Amino acid sequence: MDLTGKTALVTGSTSGIGLGIAQRLAAAGATLILNGFGDPAAAQASLPGRSGFHGADLSRPEEIEELFAYAQRDFGGVDILVNNAGIQHVAPVEDFPVERWDAVIALNLSAVFHTTRLALPGMRARDWGRIINISSVHGLVASTGKAAYVAAKHGVVGLTKVTALETARTGITCNALCPGFVLTPLIQQQLDSRGSDPDQARRDLLSEKQPSQEFVTTDQLGELALFLCSQAAAQVRGAAWTMDGGWTAQ
Ligand code: NAD
């Protein structure tokens with residue numbers, strides 16, 4: 001699979017799943033635009049070839065517009081958009097801090113709307129594009145304590161379907177990936193909050209939800225994202241594709 005000549009924007013790609021997908025797309029020849037709050041130099045150094053970086057806070061629509069102006073000016077636009085940036089907050093509904101609700105919805109859902117609306121005109125002009133939205137198993141099923149996250153991730157699956165329908169007669173596809181637990185900084189934070197022995201905390205977390213008892217890896221998600229960029233996946237449209245060790249089969 002050769003992505004030479006394509007520019008991929010992966011949001012939240014200074015760590016975790018976003019960085020894993022960026023590395024896989026770059027290895028296939030794509031030019032990468034990275035984004036996120038982590039160390040850009042380290043992330044860029046892990047990629048072959050040319051890459052750019054923009055530190056937009058994606059919970060702020062005006063900064064998303066600046067990111068797309070940068071992508072247009074320095075890279076001629078975005079061919080592959082991976083909406084990956086996301087945060088979590090865990091609390092029961094009645095105690096959920098309103099400010100945390102707004103922050104999770106702004107980043108995990110509204111940012112996906114803004115990047116999509118800004119990416120589509122260029123993709124339509126070129127009649128080719130790939131939009132890959134990193135939803136979650138929590139876009140399909142719920143867990144307690146994750147009201148904002150589950151609402152946002154279900155919303156992303158809905159937005160993915162609408163975008164797929166509105167682009168169905170074009171060379172643009174839009175799909176969602178729905179991972180189970182992947183051991184990234186986001187999940188490490190949840191493990192740390194359990195306060196027990198780290199190995200035990202990992203076993204407990206997996207045994208509650210993930211039948212395989214193994215974490216999904218960022219490399220595996222990178223391979224799936226790469227497949228969705230291929231011609232073989234041209235008729236995969238509006239899917240919510242799980243990679244979850246069997247979580248949602250239960
Ligand atoms: P992570 O914390 O490693 O990465 C999140 C990235 O988003 C980082 O680069 C961070 O700097 C960036 N970010 C945070 N706030 C931002 C903002 N306001 N603007 C721009 N960038 C911002 O987390 P991860 O586990 O790799 O998660 C990536 C995505 O995958 C998220 O959408 C998450 O919901 C989803 N996901 C993760 C898992 C898992 O088990 N780790 C499972 C299912 C879905």
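Seven strands make up an open sheet with parallel pairing, in the order E3-E2-E1-E4-E5-E6-E7. Helices (H or I, at least four residues) and strands (E, at least two) are DSSP runs, numbered from the N terminus, and two strands count as paired if DSSP finds at least two bridges between them. At the edges sit strand E3 (51-54) and strand E7 (240-243), each pairing on one side only. On average, neighbouring strands of the sheet are turned by 20° against each other, direction ignored; axes here are lines fitted to C-alpha atoms, for helices over the stretch in contact, and angles run from 0 to 180 degrees between N-to-C directions.

This is a predicted model, in which local features need pLDDT of at least 70 and side-chain atom pairs count only at pLDDT 80 or more, while totals for chains, interfaces and linings use all residues. Residues are numbered from 1 along each chain as its sequence is written, and side-chain values use heavy atoms, with hydrogens and water left out.

Within the sheet, strand E4 (residues 80-83) pairs with strand E5 (residues 129-134) in the parallel sense over four bridges. Here Leu81 stands opposite Ile131 in E5. Helix H4 (residues 98-126) lies across E4, E5 and strand E6 (172-179), and runs at about 175° to E4.

UniProt, in an unreviewed entry, places the feature "domain: Ketoreductase" at residues 6-140; such annotations may be inferred rather than shown by experiment. That span is 46% helix and 17% strand, and its end C-alpha atoms lie 31 Å apart.

Next comes the ligand. It is surrounded by 31 residues, the closest being Phe37, Asn84, Tyr149, Val182 and Thr184; a residue counts if one of its heavy atoms lies within 4 Å. Polar contacts (pairs of N or O atoms within 3.5 Å) also turn up. Ligand oxygen atoms lie 3.2 Å from a polar backbone atom of Gly12, 2.9 Å from an N or O atom in the Thr14 side chain, and 2.9 Å from a polar side-chain atom of Lys153. Taken alone the ligand exposes 830 Å², and the protein buries 93% of that, with accessible areas from the Shrake-Rupley method and a 1.4 Å probe.

Finally, Met1 lies in the segment before strand E1 (7-10). Leaving aside residues up to four places away in sequence, Met1 touches Ala28, Leu226, Cys229 and Ser230, contact meaning heavy atoms within 4.5 Å.

Definitions and conventions:
A polar contact is a pair of N or O atoms within 3.5 Å; within protein, one must be able to donate a hydrogen and the other to accept it, and residues adjacent in sequence count only if both atoms are side-chain atoms.
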